[in-house]
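Here is a short report on a structure. Please read it alongside the sequence and the coordinates.

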Amino acid sequence: MDLGTFLIQVLNGVQYGLLLFLVASGLTLVFGIMGIINLAHGSFYMIGAYLAWSLSQHFGSLWLAILAGVVLTVLIGVALEWLLINKLYHRDHLYQVLLTYGLILVFEELRSVIWGNDVHGVAVPEWLAASIRLTDTLAYPVYRLWISAVCLVLAVLMYLLIQRTRLGMMIRAGASNREMVQSLGINIQLVYRLVFALGVALAAFAGMIAAPVSSVFPGMGNQVLIICFVVVVIGGIGSVKGAMAGAILIGLVDTFGKIVQVEIAGFRVLPELAGMTVYLLMAAVLLWRPEGIFGRRL
Amino acid sequence: MAGARVRLAVLGVLALALAALPFLADKFYVQLATKILILAIFAMSLDLLVGYTGLVSLGHAAFFGFAGYLLALVSPQYEAANLWTSLAIALAGSAVLALVIGALVLRTSGIYFIMVTLAFGEMLFHLFHDTSIAGGSDGIYVYVRPVGTIFGWQPFDFEDFTHFYLVVLVAALGVYALLRMVLASPFGRVIVGIRVNEHRMRSLGYHTFRYKLVCFVLAGTLAGLAGYLAAVQFGVVNPDMLGFHVSASALMMLILGGMGTLVGPAIGAAVMMTLELLFQKITDHWLLPMGVFIVLVALLLPRGLVGLVTGARAKDDSRG
C-alpha cells in the first residue's frame, strides 16, 4: 500500500468514525442521562436516510430534504418519548430492550410499507460533487470531506452545549441526581425529552448525510445500531468523549480490516474476517478495561 | 410442598396430552408443535440466565445457531450423521463457546452486559456470514437427518415426523426436569441470591463470577441442544439463526410467558409461534402487528401470562 492509498483510507476511516460518533453520542447520552437502553436508535438512522432519499426527490434538493427531515424526526422523537419512553424510566432494562425491539420491528415494517424494500442511491449535491486530485491516479471526493467537517462542527457544538450552557448544566445535573434536580424546581421530564429528541435528531441527521455515500437500504439501521453498541462499550457508557474515541477507532479498524491482506498458515484471515475485527477489538477492550476507555469503574 | 405436588400432577397431565398429539392431529400441527417445543427448550435455557440469575443476554442465539452449524459441518453430505457423536460435538462445542464468551461478557453487568452479548452474537453471525466456512450467507443444508442406534438397534427414525416429535418432547421434558433440579439445589439458591443481591452473596463468601459462568455455560449448552434439534427439523442452517432477531424473540417469549417460571417461557414460545402464523395469514407485513404486540406486552404485562394467572404469588418469588 503506497502513501496515497494509505492517506485516503485514513480519511475514509475517520469519516466513517465521525458518522458513527453522531449516532453513538445520542445513544450514550440517552444511556448516561436517562438510564435508557434504546435499541430503536438505529432505526432513526434508517428513517433519516430514507427521508433524505424520498424528500430530496420531492423537493429536488438534499438541503431542503435534510432541513425538513430533521424537523420531522425531532417531532417523532418527542412524540415517542412522550408516549412510550417515559414509561420506562423506572423499569428494568429488560423491558426497555423489549419495548424498543418492538419499535424496531414497527419502524422496519413501516419503512417497507411506505418506501418498499429496494436499495436506492441518493445524488451528491452539485457543489460538493467534485473530487480533489491527490496524484495522477488518486482523487478524494469533496463530499466525504464535507461529512467529516460537519460532524466535527456538531461534535464541538455538542461539547459547548453540555459544558457551557445552562441547559447543559441541567443535563449533567440530571444525570447524577434526578430527584435533587427536580426538587430545585427544574422540569427534569422536559430535559429528558429534549435529550431524547436531540439523540434522535443526531442519528437521523447522520443517516441523511450518509445516504449519498452508503446508499439507502433495508436493515441499515440495525447494522449501525450494533456497531454503535461496540463503540459505546469501547468508549465507556455515558461518556461523549469515549464515544468519539471509540467511533474513530472503530472507523479506522473497520476500514483497514477490509483492505489489508493478512494470511496466517495459508488461510486468508483478512479481508475474509473483516466483519469480525471490530468485535475482536471490543473483546480486547473488555479484557483490558471492562468499563470502557473513558468509563467509570463498574 | 403441596404446590410442588400440584405442579407435578399438572405437568404429568400436560405431558400425556402432548404425547397423544400425533395420534390426534395431522402432520402440520405435529410439526408446528415440534418447532414450539424446540423453541421452548431455547427459551427455558434463556430463563435460567434472565429470570433466575438476572443476566439479560441479547446474544443467546449464538449458541443456538452454533450448535446447528456444528451438526451441518460434521454431517457427511449425502449420508446420515451419527446422532450420538454429532450431538455430543454440538453440545460440547456450544459449551466451549459459552465458556469463552461468558468469561468475557461476565466482566460487565447491567446495560453493558446487554450490549456486549448482542455484539458477540453479531460476531458469530459475521463469522458464518462473511466466510466460506459453511456456505456464507446462504447457509448450509443437512440433507439427511442423523441416525441414532444403540448397539445396532434403532429406537427411532428422525425422518418420521411423529418419532422426531416424541424425541423432542422427551428432550423438552428432560430439560425442564434438569433445570428444576439445578434450581432446587444449593447452586440454584446461590444464583437466585446473585440476582437479588450480588454484593451480599459476594460478602457471604461466594465467588459469584464462577457461579454466573457455570450458569452461562449451562444455558449456552441447552440452547445448543435446541439449535441442534432445530437444524435436524429444518434441514438447513443459515447465519440468521445466530442473529439478533432470534435472540430478541427468545427474550420476548420469556416476558410474554412470565420469566423466572420455566413454564412461562415455554408457554410464551407457543403463543409467539401461534401469533406469528396468525399475523402471517392476515398480512405480508406481519412484523408490524408483531412489533405493536411486543411494545404492548412490555408496557402492560411485566409479569407475563403466568403472572396473570398466579397473580400475587408470582410477585413474591419473581423479581426479588
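## Nonpolar core

The largest nonpolar core has 199 residues, and A:V230 and B:A119 touch the most other members. A nonpolar core here is a set of buried Ala, Val, Leu, Ile, Met, Phe, Trp, Tyr and Cys residues joined through C-beta atoms within 7 Å. A residue is buried if 20 or more other C-beta atoms lie within 10 Å of its own, exposed if 12 or fewer, and partly exposed in between; C-beta atoms are placed from the backbone. Helix α8 (residues 188-214) of chain A supplies the largest share of this core, 18 residues. Helices (H or I, at least four residues) and strands (E, at least two) are DSSP runs, numbered from the N terminus.

Which residues does B:A119 touch, leaving out those up to four places away in sequence? They are A:I226, A:F229, A:V230, A:V233, A:Y279 and A:M282. Contact means that the C-beta atoms of two residues, placed from the backbone, lie within 7 Å.

## Model and numbering

This is a predicted model: local features need pLDDT of at least 70, side-chain atom pairs count only at pLDDT 80 or more, and totals for chains, interfaces and linings use all residues. Residues are numbered from 1 along each chain as its sequence is written, while chains are lettered from A and ligands numbered from 1 in the order in which they are written.

## The two chains

Chain A has 11 helices and 4 strands. Its radius of gyration is 20 Å, close to the 19 Å that the globule rule gives for 298 residues, so chain A is as compact as a globular protein of that length. The radius is taken over C-alpha atoms, and the rule is 2.2 Å times the number of residues to the power 0.38. The C-alpha trace of chain A spans about 65 × 50 × 35 Å along its principal axes. Buried residues make up 47% of chain A.

Chain B has 14 helices and 2 strands. Its radius of gyration is 19 Å, close to the 20 Å from the globule rule for 320 residues, so chain B is as compact as a globular protein of that length. Its C-alpha atoms fill a box of roughly 55 × 50 × 45 Å along the principal axes. In chain B, 48% of the residues count as buried.

## Chain contact

The contact takes 38 residues from chain A and 38 residues from chain B. On the chain B side, α5 (110-130), α10 (244-257) and α12 (287-300) each give two or more residues. The most come from α5(B), with 14 residues. By class, this side has 28 nonpolar, 7 polar and 3 charged residues. Ala, Val, Leu, Ile, Met, Phe, Trp, Tyr, Cys and Pro count as nonpolar, Asp, Glu, Lys and Arg as charged, and the others, Gly among them, as polar.

## A helix crossing in chain A

The axes of α1 (residues 3-34) and α9 (residues 220-235) of chain A come within 9 Å and cross at roughly 70 degrees. The pair is therefore roughly perpendicular (65 to 115 degrees). Axes are lines fitted to C-alpha atoms, for helices over the stretch in contact, and angles run from 0 to 180 degrees between N-to-C directions.

From α1(A), A:L20, A:V23, A:A24, A:L27 and A:T28 meet A:V224, A:I227, A:C228, A:V231 and A:V232 in α9(A). These residues divide into 9 nonpolar, 1 polar and no charged.

## Positive phi in chain B

B:F151 has a positive phi of about 50 degrees although it is not a glycine. B:F151 lies in the loop between β1 (140-141) and α6 (161-184) of chain B. It counts as exposed, with 4 C-beta neighbours inside 10 Å.

B:L262, also not a glycine, has a positive phi near 65 degrees. Its place is the loop between α10 and α11 (263-282) of chain B. B:L262 counts as buried, with 22 C-beta neighbours inside 10 Å.

Terms used. Parallel < 35°, antiparallel > 145°, perpendicular 65-115°, else oblique.
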